[in-house]
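Hi,

Here is the structure I promised to pass on. Have a look at it first, and then read my notes below.

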Amino acid sequence: MEKYTLVPKEFFNGDVQLLSQVVGVSPSETVKYVELPSFEAVLLFVPGPEGKEPVIYDLLCRLPQIHDYNKVLFCIDGSVLHLAIGAGDKLLLANSYEAKDFTTALYYIFAALHDFQINPQMTTLYHKGDIAYENQELLFSYFKGVEPLCE
């Protein structure tokens, strides 16, 4: 699972050790950060292979590009669901969940939508990566629309 956390920009003083207060970071791991001006936040993370940012970073960068009021973006990478939710220009959620199957991923998506009182029938769901046809059909039965994010 990727290691990251979001910190409000006003609370970040350049101390990347903040990440170790949230997740286990070994001494051999490097912690980097990137500012997210759209959300007045800083993403601290342990880079993946080849120094890549976590998947959630890409979702967060794409969130302001969605013109819907309710923005729900997700990516299933292996057995991990990455989920970003916004309303207007406000970030509501950016998190990753262990989801060994599509049903579990749906559970987390619906639980988050319920928490923020977002009606799936009035919401277009945006996804990064491929989704099996039968899973797309299932999503269409719950959401107003299901759209892929261009790579």
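Let me start with a question: does Tyr 107 count as buried or exposed? Tyr 107 counts as exposed, because its relative accessibility is 55%, and the cut-off for that class is over 50%. Please keep in mind that this is a predicted model.

On to the aromatic rings. There are 5 aromatic pairs in the structure. One of them joins Tyr 107 to Tyr 108 in an edge-to-face arrangement, with 5.4 Å centre to centre and 70° between the planes. Tyr 108 has 26% relative accessibility and so counts as partly exposed. Another pair, Phe 110 with Phe 143, is stacked, at 5.6 Å centre to centre and 15° between the planes. Phe 110 sits in helix H2 (residues 102-115) and Phe 143 in the loop between helix H3 (133-142) and strand S8 (145-148), so this pair ties together parts that are 33 residues apart in sequence. Phe 143 is buried at 4% relative accessibility, whereas Phe 110 is partly exposed at 24%. Tyr 107 and Tyr 108 also belong to one aromatic cluster with Tyr 97.

Now the largest pocket. It holds about 310 Å³ of space. Its lining has 17 residues, and those closest to the centre are Glu 2, Lys 52, Glu 53, Pro 54 and Val 55. Helix H1 (55-62) and strand S4 (70-77) each supply at least two lining residues, and H1 gives the most, with 3 residues. By class, the lining has 8 nonpolar, 8 charged and 1 polar.

Happy browsing, and best wishes

Note on methods: Residues numbered from 1 in each chain as written. Predicted model: local features only at pLDDT ≥ 70, side-chain atom pairs only at ≥ 80, totals over all residues. Heavy atoms only, no water. Phe/Tyr/Trp six-rings, centres within 6.5 Å; stacked < 30°, edge-to-face > 60°. Buried < 20%, exposed > 50% of the residue type's maximum accessible area, 1.4 Å probe, protein only. Helix = DSSP H or I, 4+ residues; strand = E, 2+ residues; numbered from the N terminus. 1 Å grid on protein atoms, 1.4 Å probe; cavity = no way out; pocket = protein on both sides within 12 Å on 5 of 7 lines; lining within 4 Å. Points joined across faces, edges and corners; volume = space filled by probe spheres on them. Nonpolar A, V, L, I, M, F, W, Y, C, P; charged D, E, K, R; others polar.
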